[in-house]
Amino acid sequence: MGTHRRPRQRTTGGGRARTAATITLAGAATATGLAAGTGHADPEPTPAQVKAKVDKLYQEAEVATEKYNGAKEKADAAEQRLEKLRDEAARKAARLNSTRERLGSVAAAQYRSGGLDPALQLALSADPDRYLDGAAFIERVGSRQAAAVGRAREELREIEQLRGAARIEATSLTSRRAELKRHRTTITGKLDTARRLLSRLTAEERARLGHGTDDRASRSSADSRDALPAASAQAPDSRAAAAVAYAHRKLGSPYVWGATGPDAFDCSGLTQAAYRAAGVSLPRTTYAQIDAGRRVSRSELRPGDLVFFYSGISHVGIYIGEGQMIHAPNPSAPVRVAPVDQMPFAGAARVA
């Protein structure tokens with residue numbers, strides 16, 4: 001009995017010792033891990049670092065926005081072409097049906113008189129291929145019926161061509177819409193990240209760094225009040241002056257990516273709307289707008305000229321003179337007056 005008890009006591013004692021040692025080691029490891037984690041935690045970014053990250057995100061989002069705008073322009077054009085093709089095919093189908101109805105009347109008359117001509121049988125067939133293959137039988141009917149069958153044959157061929165073109169446009173439209181979705185995802189992802197970063201700052205810090213949510217004070221600033229008369233006097237023509245006047249009236253309007261007015265804008269949406277108000281049609285995107293007029297150097301700038309920024313031509317404003325422009329900056333700031341030197345200058349164009 002004793003010999004059986006002693007091993008049991010040793011086992012129990014050894015288990016307790018091992019358990020105590022395990023707890024001690026685990027506690028030490030946890031303490032070490034906490035100490036290491038505390039020692040290696042990333043420091044909170046400074047307001048200046050947040051601004052740099054947010055500015056980069058906004059610039060990347062604007063690149064994606066211009067790609068979105070370009071894809072949307074192409075998708076809209078493809079949709080319009082598709083609609084026109086479908087309308088034209090429907091009109092031709094209606095004309096074909098009218099022709100077939102007239103041929104049907106002839107066929108009925110021939111049937112009542114004792115037979116149905118083979119050419120009319122083909123014209124009235126539900127099988128277009130068989131109908132076209134049998135066009136040689138047109139010679140067996142009179143000239144009036146032959147002309148009607150010929151028209152039906154040509155209309156049917158045109159309908160098939162239109163339907164083929166519509167299928168190509170539908171495929172293109174599907175591709176454009178998928179591209180729009182990709183760019184939209186990129187834009188919203190970057191803007192959400194920027195918003196989260198800015199939320200770490202106080203309202204005072206955001207305002208000091210130029211990312212305040214309301215900049216309507218710019219409307220009443222001395223620069224903004226004096227910009228319009230000076231720009232109107234120095235603009236190369238009345239259309240450029242009208243474009244500057246429109247942009248000036250939109251000071252304080254919110255930035256919304258993809259927007260072209262009248263109450264919200266992205267950067268190229270503002271310049272497009274300004275020149276549309278002046279009777280000039282501009283393309284939708286920054287990288288197309290820079291080629292919409294005559295290139296001018298920085299030293300040649302006059303009010304109404306479009307000024308472009310960054311190596312990818314991803315931002316645009318409208319010059320108003322004295323080194324200033326009106327532009328739609330980003331979602332954290334409304335349409336406002338800013339120095340041209342604020343961003344890397346990439347070129348300018350005179351479109352009026």
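Modeller: Helices (H or I, at least four residues) and strands (E, at least two) are DSSP runs, numbered from the N terminus. Ser314 sits in the loop that joins strand 2 (306-309) to strand 3 (315-321). The model is predicted: local features need pLDDT of at least 70, side-chain atom pairs count only at pLDDT 80 or more, and totals for chains, interfaces and linings use all residues. Residues are numbered from 1 along each chain as its sequence is written, and side-chain values use heavy atoms, with hydrogens and water left out.

Ser314 has a relative accessible area of 2%, so Ser314 is buried (under 20%; exposed is over 50%, partly exposed in between; 1.4 Å probe, protein chains only). Contact means heavy atoms within 4.5 Å. Not counting residues up to four places away in sequence, Ser314 touches Gln59, Glu62, Val63, Glu66, Cys267, Thr286 and Phe309.

Now the core. A nonpolar core is a set of buried Ala, Val, Leu, Ile, Met, Phe, Trp, Tyr and Cys residues joined through side-chain atoms within 4.5 Å. The largest has 31 residues. Tyr275, Leu306, Phe308, Ile318, Ile326 and Val335 touch the most other members. Helix 8 (238-249), helix 9 (267-277), strand 2 and strand 3 each supply at least two residues. Helix 8 gives the largest share, six residues.

Leu306 is in contact with Thr271, Tyr275, Leu282, Gln289, Val316, Gly317, Gly347, Ala348, Ala349 and Val351, leaving aside neighbours within four places in sequence. Another core, of 24 residues, lies apart from the largest one; Ala71, Ala75, Ala78 and Ala89 are among its members.
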